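Please keep the sequence and the structure in view while reading.

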Amino acid sequence: MISWWQACSSRDRRTLIIGGLLLLLILPYGLIWLPLNDRLDNAARTVERLQNDLDWMMAASAQVQAARGQSSDLPRVQGAQSLLGLVDATARQANLASGLRRVQPEGAGTVRVWMEHVAFDDLLRWLDGLVQEYGIQVTGLVVDRQSEAGRVNVRLVLEGPEA
């Protein structure tokens, strides 16, 4: 290699030295600095995106907390009327009494309800009324479609607000 270097003209040696120095300057830039800079930019974009997501989640959380705060002002099942009685009475008001097969207590503040061949739309309105007016939550729901359009068999579990 030394003999090859000495065989080169001074102009070729100067060109090779300048080229080698430029390569020593450009190579670290291309192999180290550019990839690190790209990763830093990507990380900054990710942090910004995650910060926007966090801001959105915080706003949504505030809305949920406000909604929960509003739901705490709902009328609750009174001690004089049991959840069992309330379910029966409201089902009759919602024209679901003919389909009501069984209402069984499942412990403090929880009942199981079986209904057959009831109108699905009436069922949804009844359940919404229980949630909105009395704070009763549906904790289990099984709906079986019937051959007649809009009719269903239902098994559900309702939980009172004090449960």
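## A residue in helix 2

The structure is a predicted model, and Ala-44 is part of its helix 2, which covers residues 10–71. Ala-44 and Val-138 are 94 residues apart along the chain, and a distance of 44 Å separates their C-alpha atoms.

## A nonpolar patch on the surface

Six residues, Trp-4, Trp-5, Leu-16, Ile-17, Leu-21 and Leu-24, make up a nonpolar patch on the surface, and together they have about 610 Å² of accessible area. Two elements, helix 1 (2–7) and helix 2 (10–71), each give two or more residues to this patch. The most comes from helix 2, which supplies four residues. Trp-5, by contrast, belongs to helix 1, and with a relative accessibility of 32% Trp-5 counts as partly exposed.

## The largest nonpolar core

In soluble globular proteins, nonpolar side chains tend to be buried together. In this model the largest nonpolar core has 20 residues, and those with the most contacts inside the core are Val-113, Met-115, Leu-123, Trp-126, Leu-156 and Leu-158. The elements that contribute two or more residues to this core are helix 3 (83–93), strand 2 (110–119), helix 4 (120–134) and strand 4 (151–159).

Which residues does Leu-156 contact, once its neighbours within four places in sequence are left aside? Leu-156 is then in contact with Val-111, Arg-112, Val-113, Leu-123, Trp-126, Leu-127, Gly-140 and Leu-141.

## The buried side of helix 3

Within helix 3, the residues Leu-83, Leu-86, Val-87, Thr-90 and Ala-91 are buried. They lie on the same side of helix 3, because the arc that they cover around the axis is only 125°. The cover over the buried residues of helix 3 includes strand 1 (100–105), strand 2, helix 4 and strand 4. Just after helix 3, Asn-95 adopts a positive phi of about 60°.

## Salt bridges

How many salt bridges does the model contain? The count comes to six, and three of these pairs are described here, beginning with the side chains of Glu-106 and Arg-112, which meet at 3.3 Å from N to O. Both partners count as partly exposed, since Glu-106 has a relative accessibility of 38% and Arg-112 has a relative accessible area of 35%.

A salt bridge also joins the side chains of Arg-155 and Asp-144, with 3.2 Å from N to O. Because Arg-155 lies in strand 4 and Asp-144 in strand 3 (residues 137–145), this pair ties together parts that are 11 residues apart in sequence. Arg-155 is partly exposed at 38% relative accessibility, and Asp-144 is likewise partly exposed, with a relative accessible area of 32%. In the pair formed by Glu-148 and Arg-151, the closest N and O atoms of the salt bridge are 4.0 Å apart. Glu-148 is partly exposed, with a relative accessible area of 41%, while Arg-151, at 28% relative accessibility, also counts as partly exposed.

Methods:
Residues numbered from 1 in each chain as written. Predicted model: local features only at pLDDT ≥ 70, side-chain atom pairs only at ≥ 80, totals over all residues. Heavy atoms only, no water. Patch = residues over 30% accessible without salt bridge, like charges linked within 9 Å, V, L, I, M, F, W, Y side chains within 5 Å. Areas by Shrake-Rupley, 256 points an atom, 1.4 Å probe, with all protein chains shown as cover. Buried < 20%, exposed > 50% of the residue type's maximum accessible area, 1.4 Å probe, protein only. Core = buried A, V, L, I, M, F, W, Y, C linked by side-chain atoms within 4.5 Å. Contact = heavy atoms within 4.5 Å. Arc of directions from axis to C-beta.
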